[in-house]
Amino acid sequence: MTTIKLHNTKTRKREDFVPIDPKNVRMYLCGPTVYDRAHLGNARPVLVFDVLNRLLRHVYGEEHVTYVRNFTDVDDRINETAQKRKAAGAEGTLEELIHERSNETIHWYHEDMDALGARRPDHEPRATEYIAQMIAMIEDLIAKDHAYAAEGHVLFAVDSWKEHYGSLSGRSVDDMIAGARVEVAPYKRNPMDFVMWKPSPDDLPGWDSPWGKGRPGWHIECSAMAKELLGEQFDIHGGGNDLMFPHHENEIAQSCCANDTDTMANYWLHNEMLQVEGKKMSKSLGNFFTVRDLLDQGVPGEVIRFVMLSTHYRKPMDWTEKKREEAEKTLRLWNDPDVVGFVTAHDKKPDRDVVEPLLNDLNIHGAIAELHKMYKEERFEQLIRSATFLGLPAGNGEFFMRLKALEQTQNWHEAGEELKFYAGKLNELRGEAMQTKDFSAVDSFRKMLLDAGVEVKITKAGAEAIPTSDYDHSKLEPLE
Ligand code: AMP
Ligand code: ZN
């Protein structure tokens, strides 16, 4: 059997991946909080784990992998939008408007991630649909003395699991207290104790619970959904490395204590951050742009995917214009008419050369290098099969045409900008001619534009110069 090697955060080592049950390999990825459009950084875990999902299915079989990615739809920022809409006179109850905001954001998320060629997970649970399971898990933790209720809150008692808490990020409870910015609250026994349930303010919806009307904390959501859909122990748990502490530590503490197990997931994988000038791209820092911003600027989703996958997932990366240009250039080559001719319908399997680097802790960069080699050596059939497996287009005539059309639009736009200068000059000459009644300069200038494939329109607002398909910039005389 083919062996996948993965860097396990838990052991800080590259390990052979051995699933609990090869007939059902199970993976959980922490998904987005659905209050607004996803920024480009949010797409990084989606794309990295999309490739891992594809690889697992390739090795263990399409039907033998279960991939879960949740939606966190309990969040103050979702509530705020709903409250604003209600204040502005929107119809419906606050609950309905909250639901509407989550639905709208989930719809955008799907649209954007689909455009990046990410396959949808098998399950996409919404936190609000698993409240009963969360409450049951919390009750269980209280019964086992791992948690306590205080002032409408329920907190996990880290001292009840002190020897284990912090093992993922390699910190002890005492170190954490020394270094962390934790919320100090009078009802906490230990400042590191974290909230699993909290009261809902009167003006916001909540759920009935043994501790009063309230809502779950973020960490218990993932513990409950993972248990429900993947079982008490499963194979792979992923997310960005910003989630390692406290989110993942807390998930582990809750799940292991509630389920009486010593592990939640056997392999923990964390992607590094997408950065902007050395800082994590994030909404709170305001240094972000969304996936939709790029798509709307005309950057094809396939190009975004190519750029995002070109840096190893455990290295920080920047989005740059140069990387975009290079990715576009490569995809143009892989989809040009020469390659399109090699499309064969029957075999969709990737080539061994491309799978090999992926087995080594998802060396996607190495896999892409193999694709470049295949193109260079004109092994087009292999290129198409292997690129398609990675979700990248190759031998796709329709995609090539899209790139061509895009290029034309870009050129069109550039030509339009360029010609504004010539239209201005023509207006100037016309103004002078009106005075002198000598139109010869206007006529020869117009002729020069026509010869360069530029249509001239004279309206009340003045002259307009429009490029036609014969537009040839080199035929325009340089002007002072
Ligand atoms: P959030 O909605 O902020 O909880 O993030 C959803 C997912 O995106 C989590 O797995 C985060 O780790 C990940 N994430 C957030 N910001 C970045 C970033 N700049 N680069 C890579 N991953 C990120
Ligand atoms: Zn999570």
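**View 1. Welcome to the whole protein chain.** The protein chain exposes about 22700 Å², and carbon and sulfur atoms supply 49% of that area. Accessible areas here come from the Shrake-Rupley method with a 1.4 Å probe, and for residues only the protein chains shown count as cover. This is a predicted model, in which local features need pLDDT of at least 70 and side-chain atom pairs count only at pLDDT 80 or more, while totals for chains, interfaces and linings use all residues. Residues are numbered from 1 along each chain as its sequence is written, chains are lettered from A and ligands numbered from 1 in the order in which they are written, and side-chain values use heavy atoms, with hydrogens and water left out. The C-alpha trace spans about 100 × 60 × 40 Å along its principal axes. You will find 16 helices and 15 strands in the protein chain; these are DSSP runs numbered from the N terminus, helices being H or I with at least four residues and strands E with at least two. Of the 480 residues, 50% count as buried, where buried means under 20% relative accessible area, exposed over 50%, and partly exposed in between (1.4 Å probe, protein chains only).

**View 2. Helix H1 and the glycine that follows.** Helix H1 covers residues 40-60. Its 21 residues should span 30 Å at 1.5 Å a residue, and the end C-alpha atoms are 30 Å apart, which agrees. The expected span of a helix is 1.5 Å times one less than its number of residues. H1 is mostly covered, with 19 of its 21 residues buried. After H1 comes Gly61, whose phi is positive, near 105°.

**View 3. Helix H6 and its buried residues.** Helix H6 (residues 218-230) has 13 residues and reaches 18 Å from its first C-alpha to its last, close to the 18 Å expected at 1.5 Å a residue. Among the buried residues of H6 are His219, Cys222 and Met225. Gly231 follows H6, and its phi is positive, near 100°.

**View 4. Arg126, a buried residue in a loop.** Look for Arg126 in the loop between helix H3 (94-115) and helix H4 (131-143). Arg126 counts as buried because its relative accessibility is 11%. Leaving aside neighbours within four places in sequence, Arg126 is in contact with Phe71, Asp73, His99, Ser102, Asn103, Ile106 and Met225; contact means heavy atoms within 4.5 Å. Arg126 and Cys222 are 96 residues apart in sequence and 10.0 Å apart in space, C-alpha to C-alpha.

**View 5. Asn250 and its contacts.** Asn250 sits in helix H7 (residues 244-259). At 2% relative accessibility, Asn250 counts as buried. Beyond its neighbours within four places in sequence, Asn250 is in contact with Tyr165, Phe194 and His219.

**View 6. Strands S9 and S10, side by side.** Strand S9 (residues 234-240) pairs with S10 in the parallel sense over 6 bridges. Two strands pair if DSSP finds at least two bridges between them. His237 stands opposite Trp268 in S10. Strand S10 (residues 265-271) is mostly covered, as 6 of its 7 residues are buried.

**View 7. A sheet of three strands.** This open sheet of 3 strands has the order S12-S11-S13, with mixed pairing. Strand S12 (279-280) and strand S13 (317-318) are the edge strands, each pairing on one side only. Strand S11 (residues 274-276) and S13 run parallel, joined by 2 bridges. Here Gln275 stands opposite Asp318 in S13.
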